[in-house]
Amino acid sequence: MRTIISFLPVLIISTLIFSFNKSDKHQAINSITGDVSFVNKFGQQPNKYTDEDLRIKTHLEYIETLLQKKDVSNLSSHLKQKRSQLLSLLHTYWTAGIFPRNYDYTNTRVPCFIDKENRICAVGYLIEKTAGRKTAEQINARYKYDELLTMNNNVIDAWIAHCGLTKEECAMIQPTYGPVPVYTYNHISSSYGISSSVLGGLNLSLNAINTVQMVKGTGRGTVPMIGLFSGAGQIILGATSFSKNTTTLSGNATNESRKTLSMINIGMGTTTVILSAWNLITRKKLKDKL
């Protein structure tokens, strides 16, 4: 028993180290080389505030240099020529600086072959330029977020066999992409603000009158009828004006103030419709009793 107890701290520490290492691996720019490219150039690890394009450029520049220096004397002249062509294309790609974005994974870095804006990854670009866009799109349809080493596909394997690069070297090129950040801003147009104020004030008054009428069992049916239309109008106003995320090159942007006001409009409108409908129902029951 004492042996087990004394071993527990070691077990806990080992588990924590494993967890941290696993988490760090999932946040690295590449599953094989990690962030060695960034450390080699800047002398420190990247963090969540590091510019995404800088990380990708640094990685691809590092891998290009690494592959250029590799001894390829064992390759045929044809494969050497193909390899040289691909590395030249890789240089053109990363210097242009147009990279995919990770729109679908919010907590981890993943590869992305072609994103929803049709931006293509480095390996995808090499395939596109040598085998055609159609081939790249076929691969994307099946392996959009997969690591290259896990892609078991005859088309990919055939391309690699004739490109002068190994599958592991292609996997070393393939970057991962961090979650697209969400930027918030606040803006409410004057027309939406005024419309919301008018309908909100009206429905607050109608809610108060509906409540009094239900408690006392008096009053006409005009107020709840107006409330049904007014409440529905505020619901429609809130639903049609609800702020949706807009995609920019920097990330996703959302108008928080407009979104909040829209939720208030929908909530208040719904309350008015419910109170007005209930007032009409209780009024009808009261008339039936009389």
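Mentor: Start with a cut-off. A residue is buried when its relative accessible area is under 20%, exposed when over 50%, and partly exposed in between. Note that the model is predicted.

Trainee: What makes H5 mostly covered?

Mentor: Count the residues that pass the buried cut-off. In H5, 7 of its 10 residues are buried. They are Ala122, Val123, Gly124, Tyr125, Leu126, Ile127 and Glu128.

Trainee: Which elements do the buried residues of H5 pack against?

Mentor: H3, H4, H6, helix H7 (154–161) and H8. Contact here means heavy atoms within 4.5 Å. Just after H5 comes glycine 132, with a positive phi of about 105°.

Trainee: Next, H6. How do you know where its buried residues sit around the axis?

Mentor: Thr135, Ala136, Ile139, Asn140 and Tyr143 are the buried residues of H6. They span an arc of only 140° around the axis, so they lie on the same side of H6. The face turned away from that side carries the exposed residues Lys134, Ala141 and Arg142. H5 and H7 are among the elements covering the buried residues of H6.

Trainee: Why is the contact between glutamate 52 and arginine 109 called a salt bridge?

Mentor: The test is a side-chain nitrogen of Lys or Arg within 4 Å of a carboxyl oxygen of Asp or Glu. For glutamate 52 and arginine 109, N to O is 2.8 Å. That value is within 4 Å, so the pair qualifies.

Trainee: What does the pair of glutamate 52 and arginine 109 tie together?

Mentor: Glutamate 52 lies in helix H3 (residues 52–69), while arginine 109 is in the loop between helix H4 (77–96) and helix H5 (122–131). The pair therefore ties together parts 57 residues apart in sequence.

Trainee: Is arginine 109 buried or exposed?

Mentor: Its relative accessible area is 8%. That is under 20%, so arginine 109 is buried.

Trainee: What makes glutamate 169 and arginine 83 a salt bridge?

Mentor: Their closest N and O atoms are 3.0 Å apart, again within 4 Å, so the pair passes. The two residues come from distant parts of the chain: glutamate 169 is in helix H8 (residues 167–173) and arginine 83 in helix H4, 86 residues apart. Lys70 joins Arg83 and Glu169 in a network of salt bridges.

Trainee: How do you know which class glutamate 169 and arginine 83 fall into, buried or exposed?

Mentor: Glutamate 169 has 4% relative accessibility, and arginine 83 has 5%. Both values are under 20%, so glutamate 169 and arginine 83 count as buried.

Trainee: How far from arginine 83 is threonine 166, in sequence and in space?

Mentor: The two are 83 residues apart in sequence and 9.9 Å apart in space, C-alpha to C-alpha. Threonine 166 sits in the loop between H7 and H8. At 38% relative accessibility it falls between 20% and 50%, so threonine 166 is partly exposed.

Trainee: What separates glutamate 137 and arginine 133 along helix H6?

Mentor: They are 4 residues apart in helix H6 (residues 133–143), which means a separation of about one helical turn. Glutamate 137 has 41% relative accessibility and arginine 133 has 23%. Both count as partly exposed, because each value lies between 20% and 50%.

Trainee: How many salt bridges are found in the whole structure?

Mentor: The search finds 10.

Trainee: Now a helix pair. How are two packed helices described?

Mentor: By the angle between their axes and the distance between the axes. Helix H9 (residues 190–216) and helix H10 (residues 222–240) pack at about 145°, with axes 9 Å apart. Their crossing is left-handed. The contact includes Leu199, Leu206 and Ile209 of H9, and Ile226, Gly227 and Leu237 of H10.

Trainee: What makes up the contact of H9 with H10: nonpolar, polar or charged residues?

Mentor: It divides into 9 nonpolar, 12 polar and no charged.

Terms used: Residues numbered from 1 in each chain as written. Predicted model: local features only at pLDDT ≥ 70, side-chain atom pairs only at ≥ 80, totals over all residues. Heavy atoms only, no water. Axes fitted to C-alpha atoms, helices over the stretch in contact; angles between N-to-C directions. Left-handed = near helix turned anticlockwise from the far one by under 90°. Nonpolar A, V, L, I, M, F, W, Y, C, P; charged D, E, K, R; others polar. Buried < 20%, exposed > 50% of the residue type's maximum accessible area, 1.4 Å probe, protein only. Arc of directions from axis to C-beta.
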